[in-house]
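Welcome, and please open your viewer. We will take this tour one selection at a time, starting with how the parts are named.

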Amino acid sequence: MKWELDRTKYLTESEVEKLFSTCRQLESDEQSEFGHYYRRVHFMLRLLLDTGMRVSELANVRHRDLDLKSELPSVFVSRGKGKRKRYIPASKVLVHHAKDFIRWKENYGLDVSGEAYLLPSMKYPGRRMSISALENQFCKAVEASCIARKTIHAGRHSLGVRLYNSKKVGGNLKLIQQILGHSSTDVSAIYCHIPWDKLCGLVCEIAREKA
């Protein structure tokens, strides 16, 4: 049976905004360990949702992989699936958030050298954060935001859906393939559907026209 993308496997635009809003609120107490935790979670979510990286790729990003100063900023994925390497364009919001996060790390004496992991382990700073730790952070943020339970891979699918339905992308599967690091456009074709929130909006609009 062919795997299909349904509304349980990605985040809607309103759910994404709810996640970020919750993290902003929870990280506001900079002096507490709780606030520090959500500062990390907030940036992890921004990196995940703006790049669509797999969790294994997310864990392996080092400071040297960020190009935040050029006219066309990007994130380099050096250890993608099937050993495929790629550059992912970085949005202005991601660039701003990354610079802010790096300054925060510096203030707390964390390693920000080129070889250092961007998301280091909270217990072992010289090591990368484990995949299970990243998954746990994502699940905690989802729970705190009162969103239906989803896996961290939902962040990757969320970008795929957003890209496909973007007017600027115009359903260009080749572009989606390049950004998400798919082996072919056949894989990218799973995003060729109407997202749930848009579908609900269309139904409501049609209902109003008939009323």
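Helices (H or I, at least four residues) and strands (E, at least two) are DSSP runs, numbered from the N terminus. The model is predicted, so local features need pLDDT of at least 70 and side-chain atom pairs count only at pLDDT 80 or more, while totals for chains, interfaces and linings use all residues. Residues are numbered from 1 along each chain as its sequence is written, and side-chain values use heavy atoms, with hydrogens and water left out.

**The whole protein.** Colour by secondary structure to find 9 helices and 3 strands. Along the sequence they follow the pattern α-α-α-β-β-β-α-α-α-α-α-α. Of the 211 residues, 45% are buried (under 20% relative accessible area; exposed is over 50% and partly exposed lies in between, with a 1.4 Å probe and protein chains only).

**Helix α2.** Now select residues 33-51, which form helix α2. Its 19 residues reach 27 Å from the first C-alpha to the last, close to the 27 Å expected at 1.5 Å a residue (the expected span is 1.5 Å times one less than the number of residues). Helix α2 is mostly covered, with 16 of its 19 residues buried. Just after α2, look for G52, which has a positive phi of about 70 degrees.

**L48.** Stay in α2 and pick L48. L48 is buried, because its relative accessible area is 1%. Leaving out residues up to four places away in sequence, L48 touches M53, L58, F138, I152, G155 and R156 (contact means heavy atoms within 4.5 Å).

**R46.** Next, select R46, also in α2. R46 counts as buried because its relative accessibility is 14%. Beyond its neighbours within four places in sequence, R46 is in contact with F20, V93, L94 and H97.

**Helix α1 against α2.** Finally, show residues 13-26, helix α1, whose axis lies 8 Å from that of α2 at an angle of about 155 degrees. Axes are lines fitted to C-alpha atoms, for helices over the stretch in contact, and angles run from 0 to 180 degrees between N-to-C directions. The two helices are therefore roughly antiparallel (over 145 degrees; under 35 is roughly parallel, 65 to 115 roughly perpendicular and the rest oblique). Where do they meet? Residues of α1 including V16, L19 and F20 meet residues of α2 including Y38, L45 and R46.
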